[in-house]
Amino acid sequence: LLTLPDLSGWVLIAASQNLPMLLTGRFLAGVAAGGYYSNIQIYVAEISQAVHRGWLAGLTVPILATGVLAMQVVGSWLAWPYAAAVATLAPCLLAVSAAMLWDTPYWYSGQAGKEKSILAALKHFRGGDQSD
């Protein structure tokens, strides 16, 4: 769902003709980035075992920083409207890949009659180890 404001933001930035258009695009992309960060943390916490949860959640910041660095490099090679156009690829890829993500066992636990789905999700994420 966050890919829509993200994609809209980058399209606005790439096509901006004036400052309000540019700022609106930055606002939309920023809101989406903030939403991504919190949702990634929740998803990682829900699918990972307690022993791995800390370091997996800690990977979020370096991975996001790597993305920022990649855009800085792209921006040094291309003019900013073209760099923004390149940035539209990220929300498109995210939308496609997010559609293939499994729901978490915690999400299934909030629904009646989903015990088999809970076990299938646990087996998918944790293999045979369902200790916590």
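The largest nonpolar core here has five residues: W10, I13, A29, A84 and A87. A nonpolar core means buried Ala, Val, Leu, Ile, Met, Phe, Trp, Tyr and Cys residues joined through side-chain atoms within 4.5 Å. Helices α1 (3-15) and α5 each put at least two residues into this core.

This is a predicted model, in which local features need pLDDT of at least 70, side-chain atom pairs count only at pLDDT 80 or more, and totals for chains, interfaces and linings use all residues. Numbering starts from 1 along each chain as its sequence is written, and side-chain values use heavy atoms, with hydrogens and water left out.

**Confidence**
- The protein chain has a mean pLDDT of 89, and 96% of its residues reach 70 or more; pLDDT is the predictor's confidence in each residue, from 0 to 100.
- Among the chain's elements, α1 has the highest mean pLDDT (95) and helix α7 (residues 105-109) the lowest (85).
- Helices (H or I, at least four residues) and strands (E, at least two) are DSSP runs, numbered from the N terminus.

**Back to the core**
- Once neighbours within four places in sequence are set aside, A84 touches W10, I13 and A14, with contact taken as heavy atoms within 4.5 Å.

**The nonpolar surface patch**
- On the surface, L69, V73, W77, L78, Y82, V86, L89 and L93 make up a nonpolar patch with about 870 Å² of accessible area together.
- Two or more of its residues come from each of α4 (60-77), α5 (80-87) and α6 (89-98), and α4 gives the largest share, three residues.
- Patch residues have over 30% relative accessible area and no salt bridge; like charges are joined within 9 Å, and nonpolar side chains (Val, Leu, Ile, Met, Phe, Trp, Tyr) within 5 Å.
- A salt bridge puts a side-chain nitrogen of Lys or Arg within 4 Å of a carboxyl oxygen of Asp or Glu.
- Areas come from the Shrake-Rupley method with a 1.4 Å probe, and for residues only the protein chains shown count as cover.

- V73 sits in helix α4 and is partly exposed, at 32% relative accessibility.
- Buried is under 20% relative accessible area, exposed over 50%, and partly exposed in between (1.4 Å probe, protein chains only).
- From V73 to A83, ten residues along the chain, the C-alpha atoms are 9.4 Å apart.
- L93 belongs to helix α6 and counts as exposed because its relative accessibility is 60%.

- V96 and T3 are 93 residues apart in sequence, yet 10.0 Å apart in space, C-alpha to C-alpha.
- Y43, in helix α2 (residues 19-47), is partly exposed at 22% relative accessible area.
- Leaving out neighbours within four places in sequence, Y43 contacts L101, W102, T104 and F125.
- Between Y43 and D103 lie 60 residues of sequence separation and a C-alpha to C-alpha distance of 9.1 Å.
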